Each structure stands twice: as C-alpha cells, then as structure tokens.
Amino acid sequence: MICGEHGIERVDPSATTARPRPGRPRDRRVDASVMGATLALLDEVGYSALSLEMVARRARVGKPSIYRRWPGKASLVVDTIVTIAGTDPAPDTGSLRDDLRAVALAMAALYRTPLARTVVLPLLGDLADDPDLGERFRRRYVAPRRGSVHRALERAQERGEIPRVDDPELICDLIAGPLFHRAFLVAGEIDDRFALATVDAVLIVLESGQAGDRNSGTGKGASQ
C-alpha cells in the first residue's frame, strides 16, 4: 500500500482478510474495488456518514456482493484497515532497536493520516458496542501485529541483546500506548522524533530486565 497525503492510494487485492464463504470462488477484483471505494469514501465523508450503499455505488458492485464478504460497514472498515496497516510490522533487521523503530515509525505514519483521524475514534465506539466485531478486530489486526513484536523480542533474546521477557504484552503496550494517546486523546504532534523516543524508553525497560513477570517478581526491578 501507499500512504499519501489523504491516506492510502492503492489497495493490494491479495492482502484482504475477509473470510471467504461457501460457493463459487471469490473474485479478488471485487474485494479490491470495494476496499478502494471504502478508502476513498472514508476520506471524503468520514466513518460515521459512510454507508454500504455509497460503497456499492462507488465500487460499481451490487450490495449482495458486499454482504457476501462483510456482514456490515464496520467489519468492512476493519478488514480495510488490516489491508492498509499489514499484520507483520516488525522486520528482522538483526537489531531489536531497528525492529522496534520500524514498528513505531509505521504506526506513527498511519496515525498521522487524515484517514486515521476520521476513522479510529468512531470505529472504537462500534467495537465497544459489538463484541463480535471487537473480537474480529482483535483477531485480525491486534493479535497478529502484537505477535510480530513478540517474535522480534524472541529474536533479540536469542541474540543476547536483552534479558528474558516474561511479559511481551507489556512491551506492546509501551510502544502503542504513547503513540495512540498522543495522536487521538491529546491531539498532539506525532512525528518520527516522538516515535523514536518511545522506542528508546522501551529499550531502557527491556535492557534493565524490568519486563519480567510482574506477578512472580522475576524482573530485576521487581523488588524496587
């Protein structure tokens, strides 16, 4: 995908995560057309005003084609976000610092787009109101991306860069939390400098051994 001034300019049809249903084979061109239309309309009218009727008209497909793939607007937007952001943000650079920097920089770049500014907060409301939708979002977006960070931590432990990490979820929270808070709760500047400073703070925690199990007291800082 390409992040432009107004969001995402191209959708890779092979990256869609919508679950296929029984019947004739899926036409990936329809997937790409629908998600491309969704992105364009989100940029134009925002999440709250978006409707599947609008998407169908823009994509030049019938509404049944959309409903065969997605049960509603929110699930379509969730899968479109997955396509935009990807599910494996931590590359294997051979250095944990560089791996985590790639994660933070990509997250900051996404949060800076007008698309994210208009979609994230209203979508979170729908996720809170619909447990099935919330589970879909966690399964398809949150869990794979956190798994990518977990693997980066495991590689770093194998290389001897950091002590054992018993609480990788804490590290995921320490990376994502400040970026999300800055972007959506205080509407502050979320530039690359801030993203890299977040990683530097996380590395201090990792290198000190304070990411050990907080309940069992295995981290070096557990007794402090």
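Colleague: Where does A211 lie?
Modeller: In the segment after α9 (192–208). Helices (H or I, at least four residues) and strands (E, at least two) are DSSP runs, numbered from the N terminus. This is a predicted model: local features need pLDDT of at least 70, side-chain atom pairs count only at pLDDT 80 or more, and totals for chains, interfaces and linings use all residues. Residues are numbered from 1 along each chain as its sequence is written, and side-chain values use heavy atoms, without hydrogens and water.

Colleague: Why is A211 called buried?
Modeller: Its relative accessible area is 1%. Buried means under 20%, exposed over 50%, partly exposed in between (1.4 Å probe, protein chains only). A211 falls under the buried limit, so the label holds.

Colleague: Which residues does A211 contact, leaving aside neighbours within four places in sequence?
Modeller: V165, D166, D167, L170, I171, V205 and L206. Contact means heavy atoms within 4.5 Å. A211 and D166 are 45 residues apart in sequence, yet their C-alpha atoms are 6.4 Å apart.

Colleague: What makes T80 buried?
Modeller: T80 has 2% relative accessibility, so it counts as buried. T80 belongs to helix α4. Beyond four places in sequence, T80 contacts M35, T38 and L39. M35 is 45 residues away in sequence, but 5.9 Å from T80 between C-alpha atoms.

Colleague: Why is L196 called partly exposed?
Modeller: L196 comes out at 24% relative accessibility, so it takes the partly exposed label. L196 is in helix α9. Not counting residues up to four places away, L196 touches R101 and L105. A102 is 94 residues from L196 along the chain, with 9.2 Å between the C-alpha atoms.

Colleague: And R60: buried or exposed?
Modeller: Exposed, because R60 has 80% relative accessibility. R60 lies in the loop between α2 (52–59) and α3 (63–67). Its phi is near 60°, a positive value in a residue other than glycine.

Colleague: What does UniProt list for residues 51–70?
Modeller: The unreviewed entry gives "DNA-binding region". UniProt positions are given in the numbering used here, feature names are shortened, and annotations may be inferred rather than shown by experiment. In the model, that span is 65% helix and 0% strand, and its end C-alpha atoms lie 13 Å apart.

Colleague: What volume does the largest pocket have?
Modeller: About 600 Å³. Of the 27 residues lining the largest pocket, Y111, F137, Y141, V142 and F180 are closest to its centre. A pocket is an open set of points on a 1 Å grid over the protein atoms alone, with protein on both sides within 12 Å along at least five of seven lines; lining residues have an atom within 4 Å of a point.

Colleague: How many residues of each class line the largest pocket?
Modeller: 24 nonpolar, 1 polar and 2 charged. α6 gives the largest share of the lining, 7 residues. Helices α4 (73–85), α5 (96–112), α6 (114–129), α7 (131–159) and α8 (168–185) each supply at least two residues.

Colleague: Which domains contribute to that lining?
Modeller: Domain 1 (27–85) and domain 2 (88–212) each give at least three residues. The domain bounds come from an automatic or database domain assignment.

Colleague: How many helices and strands does the chain have?
Modeller: 9 helices and 2 strands. From the N terminus on, the order is β-β-α-α-α-α-α-α-α-α-α. Of the 224 residues, 44% are buried. Among contacts between residues at least 6 apart in sequence, 69% join residues at least 24 apart.

Note on methods. On a 1 Å grid over the protein atoms alone, a cavity is a set of points where a 1.4 Å probe fits but cannot get out, and a pocket is an open set with protein on both sides within 12 Å along at least five of seven lines; lining residues have an atom within 4 Å of a point. Grid points are joined across faces, edges and corners, and a volume is the space filled by probe spheres set on the points. Ala, Val, Leu, Ile, Met, Phe, Trp, Tyr, Cys and Pro count as nonpolar, Asp, Glu, Lys and Arg as charged, and the others, Gly among them, as polar.
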